Amino acid sequence: MSTRPNAAAEVPFWERLRPMLAYPLHSEALLTITLLAFLRLLGYLPGVGFILNIVIAAATLKYAAEVLSSTANGIMEAPSGYNTPDSVGWVVLKVQVLLWIIGILLVIGAMAAGLPALAWILGIAIALGAPAALMSAAIDQDTLGALNPSLWMATLTRIGWPYIGAALLCLILMISEGNARAMMLPFLPGPLAVVGHYFIANYATVVTFHLLGYLVYQYRDVLGYEIKQ
């Protein structure tokens with residue numbers, strides 16, 4: 001059964017790092033991210049591989065959004081199915097892609113204008129805004145709303161320093177994902193290297209969205225989030 005911790009059992013996210021890192025090992029999550037990693041082999045099919053890769057990416061993010069939503073409602077076990085609307089995966093995917101594009105364009109523009117300090121500021125602003133954008137995308141399912149900097153600022157100011165800590169943890173997870181792939185994949189043969197690459201990526205994605213969901217759960221009062229029974 002899913003477990004919903006009470007207020008007495010609730011602890012800050014920084015005291016739950018170990019169970020958060022182990023979250024994708026729950027049987028439902030492990031099965032899902034493994035299956036999605038194997039499905040990536042379909043991306044090598046001629047003609048349709050590119051489209052299938054995009055569809056699988058959206059399915060992965062749909063599950064990640066399910067993880068975030070479930071955790072935000074106080075459920076600390078991985079969801080066993082897809083209860084969110086079909087569109088949510090595409091919303092999260094669009095927000096992720098647009099964040100990358102906006103960030104790259106802003107940094108390139110600042111560098112081209114000879115303003116490296118501004119480039120750093122803009123890059124940091126995007127990195128800090130990304131967690132709020134992903135939380136909004138998964139919960140509100142509004143692409144433009146998730147990309148609104150005023151939403152990022154409101155989320156940051158309401159949560160405060162713990163939000164910055166969570167954003168740094170997301171960055172560390174992304175760097176760790178890249179390091180894990182670099183260490184493991186050279187030792188795996190072709191198809192297994194593909195599966196291993198996406199398994200690691202899926203694992204890191206689920207951990208990240210679980211962290212963000214717990215952030216919503218922990219600070220639900222200041223965020224005005226009502227737990228759904």
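Helix axes here are lines fitted to C-alpha atoms over the stretch in contact, and angles run from 0 to 180 degrees between N-to-C directions. Helices themselves are DSSP runs (H or I, at least four residues), numbered from the N terminus.

Welcome to this structure. It is a predicted model, in which local features need pLDDT of at least 70, side-chain atom pairs count only at pLDDT 80 or more, and totals for chains, interfaces and linings use all residues. Residues are numbered from 1 along each chain as its sequence is written, and side-chain values use heavy atoms, with hydrogens and water left out.

**Confidence**

The predictor's confidence in each residue, pLDDT, runs from 0 to 100. Its mean for the protein is 88, and 93% of the residues reach 70 or more. Over residues 5-9 pLDDT stays under 50. For that stretch the model has three contacts beyond four places in sequence, where contact means heavy atoms within 4.5 Å.

| Pair | Axes come within | Crossing angle |
|---|---|---|
| H3 (residues 49-72) and H9 (residues 190-218) | 7 Å | roughly 30 degrees |
| H5 and H7 (residues 149-159) | 9 Å | roughly 90 degrees |

Angles under 35 degrees count as roughly parallel, over 145 as roughly antiparallel, 65 to 115 as roughly perpendicular and the rest as oblique. H5 and H7 are therefore roughly perpendicular to each other. On the H5 side, the residues in contact include Ala125, Ile126 and Ser136, and they meet Leu151, Trp152, Thr155 and Leu156 of H7. This contact divides into nine nonpolar, three polar and no charged residues. In this scheme Ala, Val, Leu, Ile, Met, Phe, Trp, Tyr, Cys and Pro count as nonpolar, Asp, Glu, Lys and Arg as charged, and the others, Gly among them, as polar.

Turning to the other pair, H3 meets H9 through residues including Asn53, Tyr63 and Leu68, with Tyr198, Phe209 and His210 among their partners in H9. The residues of this contact are 14 nonpolar, seven polar and no charged.

**Around the end of H5**

Ser136 lies in helix H5. Is Ser136 buried or exposed? At 7% relative accessibility, Ser136 counts as buried (under 20% relative accessible area is buried, over 50% exposed and in between partly exposed, with a 1.4 Å probe and protein chains only). Beyond its neighbours within four places in sequence, Ser136 touches Gln141, Asp142, Gly145, Ala146 and Leu151.

Gln141 sits in the loop between helix H5 (116-140) and helix H6 (143-146). At 29% relative accessibility, Gln141 is partly exposed. Most residues other than glycine have a negative phi. Gln141, although not a glycine, has a positive phi of about 55 degrees.

Methods: Helices (H or I, at least four residues) and strands (E, at least two) are DSSP runs, numbered from the N terminus.
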